[in-house]
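Let's take a friendly tour of a protein model, one part at a time. Have the sequence and the 3D view open, and look for each residue as it comes up.

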Amino acid sequence: MRLFIFAAILTLCLLQGVWTNPSHPRDETQFLEDRLNGHEADPHSHHEQFIGEEEADMYDQLPPNIAKSLLSRVVDKIDSDKDGFVSRNELTRWIELLSNKKVHEDADFRWHHYNLNNEEKISWGDYIDNSWGSDAREGIGLDEISDPERGWTLEFVLERERMRWDAADIDKDGHLIFEEFKSFSEPHAYPHMKDVVISDSMIEIDSNNDNVLTREEYFAYVLRGKDQRSPEYISLKERYNDDFTNNRDLNKDGILDLDEFGYWVFPEGFHRPTSEVNFLFQKADFNLDDRLSRKEIVDNHDVFVGSSATDYGEILKHKKDEL
Ligand SMILES: [Ca+2]
Ligand SMILES: [Ca+2]
Ligand SMILES: [Ca+2]
Ligand SMILES: [Ca+2]
């Protein structure tokens, strides 16, 4: 839901010429939730988590035969060697293709918003002018709260943005060409932005901004939205307590530092498309022959519409418009 709300706010702000919170690109918020929470088991909540309530309702209202026929057309595109089955490699390549396309499109959209004169590169000053306004560029109002939900001042937000900008500026000339801007705009997709993604993710959870997570800060994130009086809360808290001790706090000093938090966000050997493919095969490969038949994919359309293999249902919506 948060992703959907943020996307709606972002669209509104862009229409008004103001991006009120550019320090949190839409996909970063999703990236953190996706990485730290894993996949949801309930298909409908999975739809809502990824594509927003309205779209989830629209998808659920699609007659199953139409949903299946839309997905069947997508299978034809994924099955690049046309042998009638989707292999792990084909699905991995497809997810990478869709994800690269999305990164490019989202970055391109923002690039044109900040690069009004269509220059070859943009400066930090131009970016601030076109995102936060000329007052911010001149250092006016830095102590004002710019993110009421988190209590962050404009100065704090700009510092975070500047770190992301500097990490994206590969040739260190202070300007970003489009290729550099892509990694500023969509940092989760670029290995050289990993440290920035980790520290930006940390501040979402680190309520006192001291760059370490206490057990209480960890609980506040993993148990957010749960009713503290419910039996589920008590058993989950015990489980997360063990998880913190055994799996997260590697040096056993009772807190999570940035390194330990980084291992949580990016476990060793983690490759996002591969992890998505493993999940989809685990859900859909009924006969365990390590390939997906059209029937296996279509029968599990609920799982596929909640995954990046369909851009969380987006490409089915486009196919529906073609009908
Ligand atoms: Ca194939
Ligand atoms: Ca540069
Ligand atoms: Ca802390
Ligand atoms: Ca520790």
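Which residues of α6 and α15 make the contact? From α6 come R88, L91, T92, I95, E96 and S99, and from α15 come P273, T274, E276, V277, L280 and F281. Two residues are in contact if their C-beta atoms, placed from the backbone, lie within 7 Å. The residues of this contact divide into 6 nonpolar, 3 polar and 3 charged. Ala, Val, Leu, Ile, Met, Phe, Trp, Tyr, Cys and Pro count as nonpolar, Asp, Glu, Lys and Arg as charged, and the others, Gly among them, as polar.

## About the model

This is a predicted model, in which local features need pLDDT of at least 70 and side-chain atom pairs count only at pLDDT 80 or more, while totals for chains, interfaces and linings use all residues. Residues are numbered from 1 along each chain as its sequence is written, and chains are lettered from A and ligands numbered from 1 in the order in which they are written.

The chain has 18 helices and 6 strands. Both are DSSP runs numbered from the N terminus: helices are H or I with at least four residues, strands E with at least two. Of the 323 residues, 25% count as buried. Buried means that 20 or more other C-beta atoms (placed from the backbone) lie within 10 Å of a residue's own; 12 or fewer means exposed, and in between is partly exposed.

## The nonpolar cores

The largest nonpolar core holds 18 residues, and L71, V86, L91, I297, F304 and A309 have the most contacts inside it. Such a core is a set of buried Ala, Val, Leu, Ile, Met, Phe, Trp, Tyr and Cys residues joined through C-beta atoms within 7 Å. Two or more residues each come from α5 (64-78), α6 (88-114), α15 (272-284), α16 (294-299) and α17 (301-305). Helix α5 gives the most, with 5 residues.

Leaving aside neighbours within four places in sequence, L71 touches I297, V298, H301, F304 and L316 by the contact rule. A second, separate core of 13 residues includes I122, Y127, A167 and V197.

## Another helix pair

Helix α9 (residues 154-168) packs against α10 (residues 178-185) at an angle of about 140°, with the axes 8 Å apart. That makes this pair oblique as well, and the crossing of α9 and α10 is right-handed. R164, W165 and A168 in α9 meet E180, F181, S183 and F184 in α10.

## Two loop residues

Where is K172? This residue lies in the loop between α9 and β5 (175-177). K172 has a positive phi, near 55°, in a residue other than glycine, and is exposed, with 7 other C-beta atoms within 10 Å.

D290 sits in the loop between α15 and β6 (292-293). Its phi is positive too, about 60°, although D290 is not a glycine. D290 is exposed, with 10 other C-beta atoms within 10 Å.

Methods: Axes fitted to C-alpha atoms, helices over the stretch in contact; angles between N-to-C directions. Parallel < 35°, antiparallel > 145°, perpendicular 65-115°, else oblique. Left-handed = near helix turned anticlockwise from the far one by under 90°.
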